[in-house]
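User: I am new to this structure and would like to learn how to read it feature by feature. Could we go through it together?

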Amino acid sequence: MAVRTRDARRGGTRGRGAAGAVLTVLLLAPACAAPADTPAGRTAEEVGATLDRRAAAVLAHDTDAYLAALDPRATSFRAAQRTELRNLADVPLESWAYEVKDVREAAADRVTAEVELRYRFEGYDKAPMSSARTVELVRRGEDRTWYVAADRAAEGALGQLWQQGDVEVVRGTHSLVLGVGRRTAELRRIADTADRAVPVVTGSWPRPWTERVVVLVPASVEDMAGLLGSPTDSYRGIAAVTTGEVGGGGRAPADRVIVNPQAYGMLGDFGQRVVLTHETTHVATRAHTSAATPVWLSEGFADWTAYREESRTAPEIAPELTEAVRAGDLPAQLPADEDFGFGEDAAKLAGAYEGGWLACELIARDWGEEELTAFYEAVGSRARREGAVEQAMHTVLGTTPEDFTARWREYLRERLG
């Protein structure tokens, strides 16, 4: 069964402790939902009503109303939830809504609901972020009211920044930076760097996009891994990553750039500028990136954007490939997707990024920057990998993968040899 609760949206700009929320009624979910006049249907509706009240309280930062939706006997849970709501106080939420996907009876007067939380940041998200939650509810009192007794990330779902601590918010001209356990000055520098990245990205990606970027800065690489649901060791040497589902249909998801504060902090101005410009490019191009897009193209385009206005030479930017080319060890093929795995050997990973960058630079030089954009779009417009690159090379570039690979290998000799 599925029941969509009402979508709570913030009206206007609120500060810490502000009150007021607007509830917009959405259509009830699909016909597979249990009919409302059945016991299961009535329970789902009642659970949805409890979550509606909770959503409105989140937007209003109304602690009393928020706690009123929680099980009065769950003392430790209520304390943790009070802290979580306080952590959210400065986050500029535009909307916060729950969709009840399924309700299962766990015991008498106790149910477990599978819920999708959807929220947007005001002024930055055109589409909501989603988070799958498992919510336990109990029914108490003479009025048989449902209360939330537990709320956790569903199996395989990711955690949220405000569950890691009090969120500090820094707003830039084009950026919104949210940090936990980081100094305000550090967050401001990140916002300034992201602000510089946005117009650079717009200059290389002349297609409509939000021209806004949201950056999350957790306290540590361990917390970063928690937001991404992967082992910590996968990210120790990674300065930042961009989250978000690929589009391919023109619908722009709400992406987040997540910074590894340790690795990012070790970079100089050049490195930090390149990292945030690279990740912002992923935000801009996400709606035109699909399962058909090879990683060499998505990562190569992001690096091409990041480096195109920099003065570094090709050997300085691509030291791993330079060493290989000068040793006569020229790659036979464009980098494969698996070459970009974070668990790969560092030199191999660097070489894969360098190869993708030079492939995109080759297209921009020999076919033109507009054709590079058109090629990216053409590949991403396909739903599956099979034949996507071949077809786009034929229709946009007038070449074949074999011919392009040969030209790319020669370009490596020219630029790095």
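User: What is the bridge partner of Glu114 in strand 6?

Analyst: In this predicted model, Glu114 is bridged to Thr134 of strand 6. Strand 5 and strand 6 (residues 129-140) pair in the antiparallel sense, with 10 bridges.

User: In which sense do strand 4 and strand 5 pair, and over how many bridges?

Analyst: Strand 4 (residues 93-107) pairs with strand 5 in the antiparallel sense over 12 bridges. One of the bridge pairs is Arg104 with Thr112 of strand 5.

User: How many residues of strand 5 are buried?

Analyst: As a general idea, side chains in a regular strand alternate between the two faces of the sheet. In this case, strand 5 (residues 110-121) is mostly covered, with nine of its 12 residues buried.

User: Which residue takes a positive phi in the hairpin of strand 4 and strand 5?

Analyst: The general idea is that most residues other than glycine have a negative phi. In this hairpin, which has two residues between the strands, the residue with a positive phi is Asp109. The value is near 60°, and Asp109 sits in the loop between strand 4 and strand 5. Asp109 counts as partly exposed because its relative accessibility is 26%.

User: What is phi of Glu211, and where does Glu211 lie?

Analyst: Phi of Glu211 is near 55°, again a positive value in a residue other than glycine. Glu211 belongs to the loop between helix 4 (184-204) and strand 10. With a relative accessible area of 32%, Glu211 is partly exposed.

User: What is the order of the strands in the open sheet of five strands?

Analyst: The order is 8-9-10-12-11, and the pairing is mixed. Strand 8 (168-171) and strand 11 (240-243) are at the edges; each has a single partner strand, so one side of each is left without a neighbour in the sheet. From one strand to the next, the twist averages 20°.

User: How do strand 10 and strand 12 run, and how many bridges join them?

Analyst: Strand 10 (residues 213-217) and strand 12 (residues 256-259) run parallel and are joined by two bridges. Leu216 has Ile258 of strand 12 as its bridge partner.

User: Where is Met224, and is Met224 buried or exposed?

Analyst: Met224 is part of helix 5 (residues 221-228). Met224 counts as buried because its relative accessibility is 0%. Leaving out residues up to four places away in sequence, Met224 touches a set of residues that includes Pro218, Tyr235, Ile238, Ala240 and Ile258. Met224 and Ile258 are 34 residues apart in sequence, and their C-alpha atoms are 7.1 Å apart in space.

User: What should helix 8 span, and what is the distance between its end C-alpha atoms?

Analyst: In general, an α-helix has 3.6 residues a turn, so residues three or four places apart point the same way. Helix 8 (residues 295-307) has 13 residues, which at 1.5 Å a residue should span 18 Å; the end C-alpha atoms are 18 Å apart, so the two agree.

User: How many residues of helix 8 are buried?

Analyst: Helix 8 is mostly covered, with 12 of its 13 residues buried. Among them are Trp296, Leu297, Phe301, Trp304 and Tyr307.

User: How many aromatic pairs are there?

Analyst: Rings count as a pair if their centres lie within 6.5 Å, and by this rule there are 15 aromatic pairs. One of them joins Trp205 and Tyr376: the ring centres are 5.6 Å apart and the planes are at 75°, so the pair is edge-to-face. Trp205 lies in the loop between helix 4 and strand 10, and Tyr376 in helix 12 (residues 369-380), so this pair ties together parts that are 171 residues apart in sequence. Trp205 is buried at 0% relative accessibility, and Tyr376 is buried with a relative accessible area of 0%.

User: Which residues do ring pairs link into a cluster?

Analyst: The cluster consists of Trp96, Tyr98, Tyr119, Phe121 and Trp162, linked by ring pairs.

User: What pLDDT does the protein average, and where is the pLDDT below 50?

Analyst: The protein averages a pLDDT of 89, and 88% of the residues score at least 70. Over residues 1-7 the pLDDT is below 50, and this stretch has 48 contacts in the model beyond near neighbours in sequence. The pLDDT is also below 50 over residues 9-34, a stretch with 57 contacts beyond near neighbours in sequence.

Terms used:
Residues are numbered from 1 along each chain as its sequence is written. This is a predicted model: local features need pLDDT of at least 70, side-chain atom pairs count only at pLDDT 80 or more; totals for chains, interfaces and linings use all residues. Side-chain values use heavy atoms; hydrogens and water are left out. Two strands pair if DSSP finds at least two bridges between them. Helices (H or I, at least four residues) and strands (E, at least two) are DSSP runs, numbered from the N terminus. Axes are lines fitted to C-alpha atoms, for helices over the stretch in contact, and angles run from 0 to 180 degrees between N-to-C directions. Buried means under 20% relative accessible area, exposed over 50%, partly exposed in between (1.4 Å probe, protein chains only). Contact means heavy atoms within 4.5 Å. The expected span of a helix is 1.5 Å times one less than its number of residues. pLDDT is the predictor's confidence in each residue, from 0 to 100. Rings of Phe, Tyr and Trp (its six-membered ring) pair if their centres lie within 6.5 Å; planes under 30 degrees apart count as stacked, over 60 as edge-to-face and the rest as tilted.
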